[in-house]
Structure formats: structure tokens, C-alpha cells
Amino acid sequence: MSFNEEDARGVKQPHNDLLVIILTIEGLNTKRILVDNGSSADIIYHPAFQQLKLDPGRLRSFDSPLVSFSGDRVYPKGIVTLTVTVGTYPRQVTHQLDFLVVDYPSSYNMIIGRPTLNRWKSTTSTYCPKVKFPTENGVGKVKGDQVLARECYQAMLAAKENHT
């Protein structure tokens, strides 16, 4: 799996945007999902958990804290297994994936970290921005949404300004 200039067609260059995608979670198109190769966990934020109308009874206990980039310790509400589909038919894959449920302010609904990226056997490109992964029918792909990425980034900056 490789990337070329064709993959970057339609991307506003130059940019330093984050890779933000849309996935199908529990059968629903879910926006504002950050792909973060540096994250050792897959995370769903509590408001998204509620918006997906997930049964709180599906939460299993999880006792270890997460440590944010700033060094803050965040204790997840629990862990939940969700059905996630990436890509479009016929080049898509569906997996049952575990997400830590975190009640912490974020402009994102979810973070896809290394556990899922490795499960998908994926390759990411922030330049394009795109995720590619093998399927039974060839290479699947999901394109990042630059507009959503910029909206999320601006919202995070605004939230930080309001807390200082």
C-alpha cells in the first residue's frame, strides 16, 4: 500500500491538518474521528457514547488511568466493544473493537489509535490525508475530511482559551 499525488488530489496544500475521518459505528455514520498513530488506546468520548444511544450496561470496568499529553490522569468510565466498519463496499472491513469511554472535553467523538490501526493492518498519510488497509477485494481507503479537521482543531483551541 502506497500513496501518490493522485491520493492527494483535492487536498488543500500546504497543510498541517490532523487526520479526521468518518466511520460506521454500530451501523451509524459517525463524524469527527481523529486518527492518531501516537495513541496507545482507542477512545470514545462519553457524549458520543450517549449520542449513539449505547446501553450503559455494555460498559465493562477498566481501572487504569490514561495519561494525556499534558500529563493529566484521566480515569475511563469503562471499556465497550463496538462494531466498526471502515471503507466502502466492496472494499471495507468490519471488526469488533474495544474503546475506552472517557468523560473528558474534546471536539472529537472518538480517537482511533494504534490498536485499531494495527488490527486494520493500515497505512496512514497525513499529507494526503488518507487511511489505506487491505480487504478481500483489494485496498480499501477512507479519506480524511480537512474541513472537519480544521473545525475540530479550532474548537479545541477555543476550549483551551476558555479554560486559561
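This is a predicted model: local features need pLDDT of at least 70, side-chain atom pairs count only at pLDDT 80 or more; totals for chains, interfaces and linings use all residues.
## A tour of salt bridges and buried side chains

Residues are numbered from 1 along each chain as its sequence is written, and side-chain values use heavy atoms, with hydrogens and water left out.

**Stop 1: the partner of Arg-150**

The side chains of Asp-17 and Arg-150 form a salt bridge of 3.0 Å, N to O. The term means a side-chain nitrogen of Lys or Arg within 4 Å of a carboxyl oxygen of Asp or Glu. This pair links distant parts of the chain: Asp-17 is in the segment before E1, Arg-150 is in helix H3 (residues 146-162), and they are 133 residues apart. Helices (H or I, at least four residues) and strands (E, at least two) are DSSP runs, numbered from the N terminus. Asp-17 counts as buried because its relative accessible area is 14%. Side chains of opposite charge can pair when their charged atoms come close. The structure holds six salt bridges.

**Stop 2: a linked network**

Now select Asp-7, Lys-130 and Lys-132. Salt bridges link these residues, Asp-7, Lys-130 and Lys-132, in a network. Take Lys-130 and Asp-7: their side chains meet at 3.3 Å, N to O, in a salt bridge. Lys-130 lies in strand E10 (residues 130-135) and Asp-7 in the segment before strand E1 (19-25), so this pair ties together parts 123 residues apart in sequence. Next, view Asp-7 with Lys-132, a salt bridge of 3.0 Å, N to O. Lys-132 is also in strand E10, so the pair with Asp-7 ties together parts 125 residues apart in sequence. Are these residues buried or exposed? Lys-130 is buried, with a relative accessible area of 7%. Asp-7 is buried at 7% relative accessibility. Lys-132 is buried at 10%.

**Stop 3: Asp-42**

Move to the loop between strand E2 (28-35) and strand E3 (43-45), where Asp-42 sits. Asp-42 is buried yet has no salt bridge. Which side chain of opposite charge is nearest to Asp-42? Arg-119 is, at 8.3 Å. For charges, Lys and Arg count as positive and Asp and Glu as negative, while His and the chain ends are not counted.

Show Thr-116 next. The side chains of Asp-42 and Thr-116 are joined by a polar contact of 2.6 Å. A polar contact is a pair of N or O atoms within 3.5 Å; within protein, one must be able to donate a hydrogen and the other to accept it, and residues adjacent in sequence count only if both atoms are side-chain atoms. The Asp-42 side chain also reaches the backbone nitrogen of Gly-113, at 2.7 Å.

**Stop 4: Thr-85**

Finish in strand E6 (residues 78-88), at Thr-85. Thr-85 counts as buried, at 14% relative accessibility. Then pick Ile-25. Thr-85 and Ile-25 are 60 residues apart in sequence and 6.6 Å apart in space, C-alpha to C-alpha.

Methods. Buried means under 20% relative accessible area, exposed over 50%, partly exposed in between (1.4 Å probe, protein chains only).
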